[in-house]
Amino acid sequence: MSLTPEIIALLLLDAVFLLFGGIAFVLSAGIAWRWRSNETTELQYALHRRSYLVSVIINYIFMLKIPLFAFFIYTCDKLSAIITGAMCASGVVNSVDFGLYLTLFKIVNLYVFGFWLLLNDADMNDEKLPFTRLKFILFILFFIPLCVEIGLEIGFFTSLNVSKIVSCCGTLFSASSTSSISLLFSVDEKIWMMIFYGCFALSVAAYASRSPLASVVSNLLLALFALIALILFFSPYVYELPTHHCPFCLLQKEYFYVGYLLYALLFSGTFYAAAGGVLDLVQKRYTKRFYRLSLFFNTVYVIGISLYPLSYYLRNGVWL
Amino acid sequence: MICLHHVCKRFAQGDEAIEALKDVSLEIAQGECVVLRGASGSGKSTLLSLIAGLAQPSSGEIRVLDREISKLPEHLSALFRRAHIGFIFQKFHLIPGLNVEENVIAPLIPANLPLHVLHEKARIKMEALHIDSKAKRDVKRLSGGEQQRVAIARALINDPVLILADEPTANLDAKLSAELIEHLYMLKQSGVTLLIATHDPLFFDLDFVDRIVELKNGRIV
């Protein structure tokens, strides 16, 4: 295990999250159990004040987890300089057996924790506090993935071995990879590209139809297939190398850190429609703001990522 | 307009719990002027701050304009106050360092209204209270009566439907107290609901006061 300043910062924050998350977990259980919104007893007012405090704690934990995901990737990218064979975050992530699953789990948690933040916001801005019990029950459930993520992250950093030679991203994201990623390469990349644009078209159609459920489904599909299409089809155009498919090298200085922007657009766009859609299904209403934001971020992402192959074709007259 | 239902308020003082309000139930209709009478420490100010949503009761229900203000989250009760309630404090609570106009405008600053609208609203209120000539003067350099009028203008800037006044004449001499009562009378005439907490006998024989409610040791008697 090597303790760089970034790893120390992440581990310290994990400890803080565990401590305050644990306190919030215990208090949440009490609030969820005894909350009666129509009563005006002393207990209910005490719970009312406590719920505000606990909401603030959870809010800060989940809000911090979002930028910390980017910081985790940045840390892995920085560690590639000291891990033999690693050229970017990909080599570091894959140097531990569960590294890739941890990264994917973190992405799923971004949506889960983000949903809680939206629910909390909807609850705090409604004078009847309609979701107080629900949000604390959900936190009790979401505390499990939070602990699992923290546990995996601690396990990941303690398992890192700087003397072990790891594969570089060129090997990991190729048809010859020994992982399940190689299965993706068995399908023609143009098919992935068409599925990606199809999902985007579906999400636009869902926006037009004003259906929260359709928005949830289409945007979750878009998130999944956008990542696959990015690896299989678009990344070679970003790197201008036909065999380079790494989704992590995009985050490096050589490519102007464009990956941070692209991933932020993709995750924000699909998050607003997916999480906002679930919230609307719970509330039985239609919040146009979520879908507008989603459409905006998704469209900018699609235009941005499409410009790479287009500009390559215009400059060179061929596709990769 | 205002409906209190079995309201209790306890404060902790060390290991001891002080019961400031005990099972208070009260209804005040729209446009009514009610004087809340009681000695110091009887719970008048506590009751006003609960009605304004500045504090939460220990138990019981408080409804203002059909909204359960006792259970509103803090930011929503602030919005509610800004939209519907004007509060006149005993010690004025003007912001030192700001001039008269800026103090009057202060409650509306979070509302993000255009500046010219804020100035126009402030001008109307200041004219009505005869302090427009001192608009640019620092509030520290005003007399007690002038400061009270600034505090009233500030309480009225959002055109509230409910005015809560806590010992409004405590720092005023007889002449200024009479002036203040005149302003309150005009407010009552315009349909504003008034709830005045005081132990000043001046208020007990006023024609426009509809009701006097007496508080003693946290209870309505």
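In this predicted model, helix 4 (residues 99-124) of chain A packs against helix 10 (residues 258-283) of chain A at an angle of about 50°, the axes being 9 Å apart. Helix 4 of chain A is therefore oblique to helix 10 of chain A.

**Helix 4 with helix 10, chain A**
- The two helices, helix 4 and helix 10 of chain A, form a right-handed crossing.
- Helix 4 of chain A contributes Leu110(A), Tyr111(A), Gly114(A), Phe115(A), Leu118(A), Leu119(A) and Ala122(A) to the contact.
- From helix 10 of chain A, the contacting residues include Phe267(A), Phe271(A), Ala274(A), Ala275(A) and Gly276(A).
- By class, this contact comprises 12 nonpolar and 3 polar residues, with no charged ones.

**Helix 2 with helix 4, chain A**
- Helix 2 (residues 42-79) of chain A packs with helix 4 of chain A at an angle of about 145°, with 10 Å between their axes.
- The crossing of helix 2 of chain A with helix 4 of chain A is left-handed.
- Among the contacting residues are Phe62(A), Met63(A), Lys65(A) and Ile66(A) of helix 2 of chain A, and Lys106(A), Phe113(A), Trp116(A) and Leu117(A) of helix 4 of chain A.
- The residues of this contact divide into 10 nonpolar, 5 polar and 2 charged.

**Contact between chains A and B**
- Chain B supplies 12 residues to the contact and chain A supplies 9.
- Strand 4 (residues 59-64) of chain B provides the largest share of the chain B side, namely 3 residues.
- The chain B side that touches chain A consists of 4 nonpolar, 5 polar and 3 charged residues.

Definitions and conventions. Residues are numbered from 1 along each chain as its sequence is written. Chains are lettered from A and ligands numbered from 1 in the order in which they are written. This is a predicted model: local features need pLDDT of at least 70, side-chain atom pairs count only at pLDDT 80 or more; totals for chains, interfaces and linings use all residues. Axes are lines fitted to C-alpha atoms, for helices over the stretch in contact, and angles run from 0 to 180 degrees between N-to-C directions. Helices (H or I, at least four residues) and strands (E, at least two) are DSSP runs, numbered from the N terminus. Angles under 35 degrees count as roughly parallel, over 145 as roughly antiparallel, 65 to 115 as roughly perpendicular and the rest as oblique. A crossing is left-handed if the near helix is turned anticlockwise from the far one by less than a right angle, and right-handed if clockwise. Two residues are in contact if their C-beta atoms, placed from the backbone, lie within 7 Å. Ala, Val, Leu, Ile, Met, Phe, Trp, Tyr, Cys and Pro count as nonpolar, Asp, Glu, Lys and Arg as charged, and the others, Gly among them, as polar.
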